[in-house]
Amino acid sequence: MARRRQIYEGKAKVLFEGPEPGTLVQYFKDDATAFNNKKRGTITGKGVLNNRISEYLMLRLGEIGVPTHFVRRLNMREQLVREVEIIPLEVVVRNVAAGSLAQRFGLSEGTPLPRCIVEWYFKSDALNDPMVSEEHITAFGWATTQDLDEMMSLALRINDFLCGLFLGVGIRLVDFKIEFGRLYNGDDMQIVLADEISPDSCRLWDIRTGDKMDKDRFRRDLGGVEEAYQEVARRLGILPEGGPRDLKGPALMQ
Ligand code: 5GP
């Protein structure tokens, strides 16, 4: 089989040229990094789970009219997505104080926020993803005020929907990071949800016990990382048939 052209390799994913023009294949790795690459590791089966979880969440969001880059899942670790021009921003939505927000303002983790808070970060490993304001974003030309309005409105819809979806399976959506891209169709441009939504990019806490079910287990050496990701998939009803045992199959060797 001809080797596919690799377009980009990130920390947790690889993008290959897709089978049709305007498409890409997004491959999910087991590699995990934290603190801007200072901590590295492997979470066995993470790529398979994140591929499934992100597929599921993008499909559900698509059903309520949120435009996404997702086309279809191809296999255990790959999905076909539309090629978009990534807007170089990480959009973080928070419902409960945790992580960098808790640190910055001296809040104890778990303090509910009076309303959800949307933050913008400039995507740059070299600069450690600095937080930026709308002024920086428009002045430096990363997005226009119309783009910002659209991303803000999509981020709030995504948050409302995902909060309810996770609550239904006993999980509190504490915060998450999303990315958007521009999809061109002739003269038209549409902003669509891109990248992934998974326990790598969300904080998910068990409603009853408060247990962390996300990448903080890796970041903070809490153990049980694989089991936590599996439990998220299980609650969403998307663990591969046969349960975690199926994740030990050849797909993990790819
Ligand atoms: P914090 O700013 O508290 O570190 O992160 C807020 C939320 O955004 C968390 O759910 C975290 O997982 C997510 N997040 C922030 N930056 C990144 C990033 O560079 N990559 C990923 N995957 N998630 C991020």
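Mentor: An α-helix has 3.6 residues a turn, so residues three or four places apart point the same way. This is a predicted model, in which local features need pLDDT of at least 70 and side-chain atom pairs count only at pLDDT 80 or more, while totals for chains, interfaces and linings use all residues. Residues are numbered from 1 along each chain as its sequence is written, and side-chain values use heavy atoms, leaving out hydrogens and water.

Helices here are DSSP runs of H or I with at least four residues, numbered from the N terminus. With 23 residues, H4 reaches 33 Å from its first C-alpha to its last, close to the expected 33 Å, a span defined as 1.5 Å times one less than the number of residues.

Two packed helices are described by the angle between their axes and the distance between the axes. The axes of H1 (residues 46-63) and H4 (residues 145-167) cross at roughly 120° and come within 11 Å; the axes are lines fitted to C-alpha atoms over the stretch in contact, with angles from 0 to 180 degrees between N-to-C directions. H1 is therefore oblique to H4, the class left after roughly parallel (under 35 degrees), roughly antiparallel (over 145) and roughly perpendicular (65 to 115).

In contact (heavy atoms within 4.5 Å), Tyr56, Leu57, Arg60 and Leu61 of H1 meet Ile158, Phe161, Leu162, Leu165 and Phe166 of H4.

Terms used
Helix = DSSP H or I, 4+ residues; strand = E, 2+ residues; numbered from the N terminus.
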